[in-house]
Amino acid sequence: MFDFVIGQKKIIDQLVSLDASDKVPHALMFSGDSGRGGLPLAVAFAQYLLCLNRKNGVRCEECPNCQKTAQLIHPDLHFSFPVVKHASKKRDVTFSDDFIQQWRKLVIDQPYFTYSDWLSHIQASEKQGDINVTECNEIIKKLSLKSFGGGKKILVLWLPEMLGKESNRLLKLIEEPPEDTILIFVTSQEEVLLKTIISRFQIFKLPPISEADMINALQKEADIDADKSRQISLLTEGNYIDAQALITGNNQDLSELVINWLRICYQQNSLNLLSWTEKFGSFPKEVQKQVLSYTLFILREFIRLKYIGEDHVSLQNDELIKLKGLSSVLSIEKAEEIAEIISDSIYSIQRNANVRILMMADSLQIGKVIRRKEVSII
Ligand SMILES: [Zn+2]
């Protein structure tokens, strides 16, 4: 049962048919932005593979394995993920299992989340997590034991990019895993992984969630019309986590940040600009994209506000007030021009541009657009 996975039907079908013909590779990697659903897909596939009566992509939900995998407590289903120091332990002996309760809760309650969501879930927003030597040794130890249920052992490892140089320790395991062992790695930064690691996996690249699947999921989640969900789907480019942030009003910080940025662009004070671009450059790539997508969203809402009035704008009240504040300096044409600049930046960030330089240039250009005197035709 893949019911908490949004879309990705093509890959699901592929996985199910690999299993039906008994050809599931021993090392699989799901690659793509977290918002495309690599982790939920990995969990769902692991649950499926452990079901004793699975058939045509559906698990029975009744066998003893299903009952345990539903709660993520099956002893043959292992998880590795980045952690920080545990309160009662030294950092170098802390490993994933020290945070397993919090992990299970988050994966079950909210299967789509980013690395920063995970850190804030374990009250470690200010810290840098990783997957350390102790965890690698633990993985090797766990997987070398016989499986508890006599069937497969599965390891879901989230964010191998957080292994750093420790990934070498796992090379042998990945190359020749113990019998009946399946490794499922989930990465959102395939480009930083070592070639020696990548080459040992069968890679499944997750495409953006399709518009139809996204609209469907968003409408289940919140009471928004088809038009709005289509707009959000487009803006977030098939990234469900970004889309959720846009509709749940979980944007308080983003909205502050964006309005402040536009103000700084307008003022063109170079010190303020510099410190803003520094701050922006320090965000993880996913957050950078989220900020820019949200700016696009704000600009499109501004245009709607101007064209058809505030009844048709889906912003929170205080966002609306701030948006109206922009009216004195922003016209529809200017908003469209700025939206264009920002779309280009999102594209460049995806292609690993130097973010600080890019944002500095963009901010100056946006400032110019905002300050330009509109020529009125008599
Ligand atoms: Zn079952």
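Hi everyone, let's start with a pair of helices: α14 passes α16 in a left-handed crossing. Please keep in mind that we are looking at a predicted model.

Where are these two helices? Helix α14 covers residues 285-308, and helix α16 covers residues 332-350. They pack at an angle of about 160 degrees, and their axes are 10 Å apart. Angles over 145 degrees count as roughly antiparallel, so α14 is roughly antiparallel to α16.

Now, which residues meet there? On the α14 side, they include Leu292, Leu296, Leu299, Phe302 and Ile303, along with Lys285, Lys289 and Arg300. On the α16 side, you can look for Ile332, Ala335, Ile338, Ala339, Ile342, Ile346 and Ile349, among others, and Glu336 is also part of the contact. By class, the contact of α14 with α16 has 12 nonpolar, 5 polar and 5 charged residues.

Let's zoom out to the whole chain. How many helices and strands does the protein have? There are 17 helices and 5 strands. The radius of gyration is 23 Å, close to the 21 Å that the globule rule gives for 378 residues, so the protein is as compact as a globular protein of that length. Taken along the principal axes, the C-alpha atoms fill a box of roughly 85 × 40 × 35 Å.

The protein is divided into domain 1, residues 9-205, and domain 2, residues 251-371. Taken over C-alpha atoms, the centres of domain 1 and domain 2 are separated by 37 Å.

Technical notes:
Residues are numbered from 1 along each chain as its sequence is written. This is a predicted model: local features need pLDDT of at least 70, side-chain atom pairs count only at pLDDT 80 or more; totals for chains, interfaces and linings use all residues. Domain bounds come from an automatic or database domain assignment. Axes are lines fitted to C-alpha atoms, for helices over the stretch in contact, and angles run from 0 to 180 degrees between N-to-C directions. Helices (H or I, at least four residues) and strands (E, at least two) are DSSP runs, numbered from the N terminus. Angles under 35 degrees count as roughly parallel, over 145 as roughly antiparallel, 65 to 115 as roughly perpendicular and the rest as oblique. A crossing is left-handed if the near helix is turned anticlockwise from the far one by less than a right angle, and right-handed if clockwise. Two residues are in contact if their C-beta atoms, placed from the backbone, lie within 7 Å. Ala, Val, Leu, Ile, Met, Phe, Trp, Tyr, Cys and Pro count as nonpolar, Asp, Glu, Lys and Arg as charged, and the others, Gly among them, as polar. The radius of gyration is taken over C-alpha atoms; the globule rule is 2.2 Å times the number of residues to the power 0.38.
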